[in-house]
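Hi,

Here is the structure I promised to pass on. Have a look at it first, then read my notes below.

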Amino acid sequence: MKSVLFLYSGSDNSKAEKLKDYLQGKLRKVADVRNITDILAEEQDFKKELSHSSCVVLTGSRHASSLIQNKRQETEDDFITFDGKVIHDEFTGNKELLDRLVIVFFTERTKNDWIPTGLDEKRIFNLQGEEIQRGNPSLDHLEDCIKGILTGKTRLTSSSTLIRSPTPKTHMVHEKQNEGSPWNRAMDEVHVERLIENYKDGGELCSEDPALLMLKKWPVSRKYYDNPEKLPGLEQLINRRLEILLESELNLKNRYESFQDEDDQAKKTLLHYTAELGFLHVTKTLVRKCPKLLAVKTEDQRKPVEKRAMLPVESAIEAEKDDVAAFLIRVMWHERVQSLFSWIIEDTTNPEPSLLSFIGVIENPKMKKTVVAVLDQMLIPHWPYLPKRQENYETGMEREAVEGVWNTISDDPLNYHFYYHILDGDEGGRPPMIVTSDGHKQTENKYFNWKSKSCLCAIAKSNNKEALQHPVVRMLIRTKWKSYGHLFLRLQAVLYVIFLLCLSYSLLHASTKVDPTHYSDVPDSLRGLCEVVTLLMVVFYICEEINQIRIEGRGYFTEWMTLFDWLGLLLILCIVPLRYMDHKAQWMVTSLAFLFNFLRIFKFSCVSRTTGLYTKTLAKIILHDVTRSMAVFIVIFFSFCGALTLSLCYSGSNENQELRGFGDVLMSGFRALSEQYPMAQNYSPFNWLSVLLMMAYMGTVTVILLNILIAQMSTTYTQAKKVARLEYDVDRILQLTRMERFPFLNLRVKYYKEGDWISEMKLAKELLEFSEDRSPWDSVEEKLNEIRDLMRKMVKQMRPGRE
């Protein structure tokens with residue numbers, strides 16, 4: 001057998017060994033690749049072996065060039081590992097040996113590197129930054145060159161020595177073009193044929209499969225690892241070539257549907273690698289060509305980290321690849337998707353939580369599309385009198401018959417089945433109630449954690465507008481609100497109105513008395529009763545707020561209304577000691593307590609849609625426009641007031657009776673904004689600069705700032721009305737969550753509903769209500785057409801074949 005001698009210095013040892021192993025694998029049928037260590041082990045003469053080798057591969061580096069040019073040797077443990085003198089002498093002027101030499105550079109080539117005179121530039125290769133792996137065009141070029149030397153045939157395809165990605169054989173591309181293929185398609189086909197050829201030449205090792213090579217090794221190569229912005233281009237390239245590969249002889253009998261990476265502990269499929277990379281286009285190609293990959297799991301992994309078997313969609317969710325995860329969820333059967341987020345009850349004595357936590361997905365801001373896709377799979381269109389579709393059919397005839405019937409149905413189903421069990425479940429996917437063994441009644445699920453927040457609550461706080469507007473979420477809110485939410489909120493509102501009446505009478509009547517601690521007649525007795533009721537209700541409300549803090553944790557303090565709650569309640573408690581101390585500050589505290597407790601009534605604004613939507617619109621105007629305008633006003637206010645105070649010093653304090661100091665100036669400036677009151681009634685005592693400053697301030701504040709604020713409020717009002725419905729729904733969800741977590745009521749269990757059949761009319765009534773883009777005079781048919789268009793878009797995004 002012919003031999004290839006591989007020579008390298010110690011500085012190139014790591015990469016040179018990898019390249020030697022690679023070449024040995026590629027050339028093992030035609031030649032034996034050896035290095036200096038092999039020669040020393042066999043006690044052979046290096047000079048003799050050099051002259052008798054069929055091909056010599058020399059790694060060119062600064063260290064190796066220095067050793068050769070200076071005719072020095074490199075030794076290790078008294079053994080010569082690189083003999084620069086012999087290499088220099090043998091290749092100088094030896095044309096026969098020079099024709100068998102190939103030089104490989106792992107670093108940038110310089111003018112000082114040793115290149116023997118007469119060496120063909122086509123036999124110098126630059127592998128700087130290249131990965132030693134199959135599919136690398138530069139390595140294919142090097143392999144061709146060595147095989148050409150071994151066989152005595154010239155196999156080089158390029159006259160340039162530094163081209164890293166030589167083009168495929170031009171005549172093969174032209175042949176495919178003549179057959180009708182575009183240039184790009186022809187190039188891709190030739191590249192794929194080359195990958196298949198290399199795969200077969202290498203012994204058809206599983207680890208060197210072309211598809212696995214593209215999805216496992218190409219993306220982690222240095223070219224793309226160091227430049228992630230190039231990955232979208234790589235995805236397009238892989239997608240084109242993988243599509244060709246899946247139509248080739250290598251995929252006979254759908255080989256890739258059961259193909260798994262044997263070198264990986266988890267035995268991943270191609271779809272697992274694609275899901276982890278987030279390659280959406282490649283994922284779509286694999287699902288279209290190999291749909292069974294959707295259901296193939298990896299194997300359990302013990303080392304280095306324990307990991308359970310996972311589906312491709314689970315890998316995508318774990319890797320936070322939102323687009324891929326959303327697509328995979330939509331093309332899977334809804335039963336399988338729902339099972340991922342539902343508890344596992346194989347063992348009734350010890351059920352396990354769900355494989356995936358839907359609450360965890362909702363709370364991940366990177367997975368918004370995935371949340372909507374899961375919600376889509378909770379909405380199942382229904383056409384009556386049709387055979388049931390299956391994921392796997394017993395025979396091809398059965399598949400053809402059932403799928404044929406489904407392909408003839410209309411785009412608009414008669415009704416829909418909405419599933420609520422995942423949205424209403426706890427963090428482990430456990431529903432509040434389960435069906436009894438007889439299959440007719442529902443009983444309370446003892447494993448359900450009622451203290452856990454629901455998925456509805458997580459959606460409300462996730463700022464995912466698409467999820468909030470989803471029909472399944474909207475219909476569940478409507479169901480809960482009509483069942484108990486509206487009733488309980490009205491009761492709470494009535495109770496709070498009674499609290500305010502007692503508070504008002506007790507405080508206002510006390511203000512008419514010289515000594516509020518003295519109770520002498522019937523009105524005083526009634527006041528005493530109201531004060532007792534008020535204090536008892538304050539204690540009750542404080543306990544309720546403490547319970548909310550215990551349940552919600554830090555999330556409780558993100559609500560601005562909680563500030564009013566605590567201020568109002570604590571100020572009422574402060575009145576009692578101040579009153580018995582006969583301190584005048586009691587009336588200031590009483591005033592603030594009265595104000596804050598009345599403002600708290602806005603908590604119950606969503607008791608009706610009208611007040612709820614109006615309050616949300618008003619809050620947005622105050623939050624956005626008033627705060628921004630006040631920030632600008634404060635800057636102008638202090639700058640003008642300070643300048644005016646200093647300018648008044650010129651006129652003398654005795655002449656300016658209206659504005660005697662900085663405090664008077666501040667008060668006048670603020671009254672100019674709030675009351676449209678002039679800063680001074682008479683300008684004659686003031687100097688010209690003071691008059692100019694006052695006129696400029698009045699013009700800026702009363703003309704410019706106020707008119708800008710009015711214009712901003714008009715624009716914000718229009719925008720706020722469009723999102724007020726969303727915020728109203730968020731408010732209702734939060735109210736429902738608080739009710740469900742209230743001890744002893746157990747509302748989440750009592751009113752649990754696994755699902756519901758929803759007609760088009762029911763959907764139209766709920767989803768199109770309060771729509772600003774719809775005319776109030778729309779007919780029933782127009783409403784139905786609008787809801788059909790909305791639902792049709794959802795249905796068509798689901799599993800292919802349902803369109």
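A quick definition to start: a residue is buried under 20% relative accessible area, exposed over 50%, and partly exposed in between (1.4 Å probe, protein chains only). Keep in mind that this is a predicted model, where local features need pLDDT of at least 70, side-chain atom pairs count only at pLDDT 80 or more, and totals for chains, interfaces and linings use all residues. Residues are numbered from 1 along each chain as its sequence is written, and side-chain values use heavy atoms, with hydrogens and water left out.

Glu299 has a relative accessible area of 40%, so it counts as partly exposed. You'll find Glu299 in the loop between helix H14 (280–289) and helix H15 (312–318); helices here are DSSP runs of H or I, at least four residues, numbered from the N terminus. Together with Glu262, Asp263 and Asp300, Glu299 forms a negative surface patch. Patch residues have over 30% relative accessible area and no salt bridge, with like charges joined within 9 Å and nonpolar side chains within 5 Å. (A salt bridge is a side-chain nitrogen of Lys or Arg within 4 Å of a carboxyl oxygen of Asp or Glu.)

There's a nonpolar patch too, of about 810 Å², including Tyr614, Phe662 and Phe670. H27 gives the largest share, 7 residues. Phe662 sits in helix H28 and is partly exposed, at 38% relative accessibility.

Beyond its neighbours within four places in sequence, Glu531 is in contact (heavy atoms within 4.5 Å) with Ser506, Tyr519 and Arg579.

Cheers

Methods:
Areas by Shrake-Rupley, 256 points an atom, 1.4 Å probe, with all protein chains shown as cover. Helix = DSSP H or I, 4+ residues; strand = E, 2+ residues; numbered from the N terminus. Lys, Arg positive; Asp, Glu negative; His and termini not counted. Charge placed at Lys NZ, Arg CZ, Asp CG, Glu CD.
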